[in-house]
Amino acid sequence: MKDFLRNTWKHRAHVVMALPAFLILFFIMYVPMTGVCLAFKDYKTSAGIFGSDWNGLENFKFLIASKRIFLRMTRNTLIYYVIFTAVGTVLNVALAVAIDQCVFKKATKTMQTIMIIPVFISYAAVQFIANAFLHDQTGIINNTFGTDFRFFTDAGVPFWPLILTIIKIWKDTGYGAVLYMSVLAGVDSSLYEAAEIDGASKWQKIWHISLPALIPMITVMLLLSVGSIMKSDTGLFYQVTRNVGAIHETTQVIDSYVFHAVKTSNNIGFTAATSLFQSVTGLLLMLFANGVVRKVHPDNALF
């Protein structure tokens, strides 16, 4: 303890500079974690968080009791995670490499700006764009192709996984590519020059220099995403789909289910149990994935 206090006083200038960030993280990220106890309580508004009675695992039993809904939303959450992660990673890397290899270097700055713009468009606005394309009577798709798809009312329409994937990729790919471009910007240009002298083609330089340089970043991004494997983008699955019950079979995920439950019921303990289930599952999976990476390639592990 004495060593800790002595070391803190020795670096007091750094401690003072770091104090605002520490306080923000503490009050925004850690203090709200006291609400985790709601997952094990029969919450009553009149009694408050700490005055409500404990009910053990009843909230978790209620979550699993609706087996069909629980399995459906868990299945959808996992499927969309795999699709978004796989397609998003491939497109992020491909776009980053394409811009890095672009001959017109001055145009890359403009391209980066254009790519990032969708990130700042909220899903509330995207909802209206999607509705313009998918509306049953006046939608652009039905009017253009002369079809009669009932996207929001027909549970048999199989296009929602594709639609949600397209919207997710359109919104996030540009920002994701910028992260990989920052890695490529740090690759020693002499490697490309040496490869060119040896007669390597552009594809060979990409395969043997660019992609290997991106592997550590790809690994880190995948490990971080595994921690959110049970979480989804609420705006995408709740606002874009307008939370229409007819298409819940293919569009409802855990986050949209919890958000809907919070708005329509007072069972706060149940929603807290669901969120805790997501967080614990994500933590365990991230620890497992990081352990596997540490065994195979320790340099690419998070810790």
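Tutor: In this predicted model, helix 2 (residues 12–30) contains 19 residues, yet the C-alpha atoms at its ends are only 24 Å apart, short of the 27 Å that a straight helix would reach at 1.5 Å a residue. The same helix has a kink of about 40° at Leu19, shortly before the proline Pro20.

Helix 11 (residues 202–226) also has a kink, of about 35°, which lies at Ile215, shortly before the proline Pro216. The buried residues of helix 11 are Lys205, Ile206, Ile209, Ser210, Leu214, Ile218, Thr219, Leu223, Ser225 and Val226. An α-helix has 3.6 residues a turn, so residues three or four places apart point the same way. The cover over the buried residues of helix 11 includes helix 5 (67–100), helix 9 (160–185), helix 10 (189–197) and helix 15 (268–296).

Lys205 meets Glu196 in a salt bridge, with 3.9 Å from N to O.

Lys168 forms a salt bridge with Asp233, and the closest N and O atoms are 3.7 Å apart. This pair links distant parts of the chain, since Lys168 belongs to helix 9 and Asp233 to the loop between helix 11 and helix 12 (234–240), 65 residues apart. Lys168 is buried, with a relative accessible area of 17%, while Asp233 counts as partly exposed at 26%.

The salt bridge between Arg68 and Glu249 brings the closest N and O atoms to 3.2 Å. Again distant parts of the chain are linked: Arg68 is in helix 5 and Glu249 is in helix 13 (residues 248–251), 181 residues apart. Arg68 counts as exposed at 57% relative accessibility, and Glu249 counts as partly exposed at 33%. Salt bridges that share partners join Arg68, Arg72, Arg75 and Glu249 into one network. For the model as a whole, the count comes to ten salt bridges.

The nonpolar interior can be described next. In soluble globular proteins, nonpolar side chains tend to be buried together. The largest nonpolar core here has 18 residues, of which Trp160, Leu164, Ile167, Leu236 and Val240 touch the most other members. Helix 5, helix 7 (123–134), helix 9 and helix 12 each supply at least two residues of this core. Val240 shows in detail how these parts meet. Beyond its neighbours within four places in sequence, Val240 is in contact with Tyr123, Val126, Gln127, Ala130, Phe152, Trp160, Leu164, Ile167 and Gly235. A second, separate core of 17 residues includes Tyr81, Ile229, Tyr257 and Val293.

Helix 14 (residues 254–264) contains Ser256. Ser256 counts as buried because its relative accessibility of 1% falls under the 20% limit. A polar atom of the Ser256 side chain lies 3.0 Å from the backbone oxygen of Val253. Not counting residues up to four places away in sequence, Ser256 touches Phe237, Tyr238 and Thr251.

Methods:
Residues are numbered from 1 along each chain as its sequence is written. This is a predicted model: local features need pLDDT of at least 70, side-chain atom pairs count only at pLDDT 80 or more; totals for chains, interfaces and linings use all residues. Side-chain values use heavy atoms; hydrogens and water are left out. The bend at a residue is the angle between axes fitted to the seven residues ending there and the seven starting there. Helices (H or I, at least four residues) and strands (E, at least two) are DSSP runs, numbered from the N terminus. Buried means under 20% relative accessible area, exposed over 50%, partly exposed in between (1.4 Å probe, protein chains only). Contact means heavy atoms within 4.5 Å. A salt bridge is a side-chain nitrogen of Lys or Arg within 4 Å of a carboxyl oxygen of Asp or Glu. A nonpolar core is a set of buried Ala, Val, Leu, Ile, Met, Phe, Trp, Tyr and Cys residues joined through side-chain atoms within 4.5 Å. The expected span of a helix is 1.5 Å times one less than its number of residues. A polar contact is a pair of N or O atoms within 3.5 Å; within protein, one must be able to donate a hydrogen and the other to accept it, and residues adjacent in sequence count only if both atoms are side-chain atoms.
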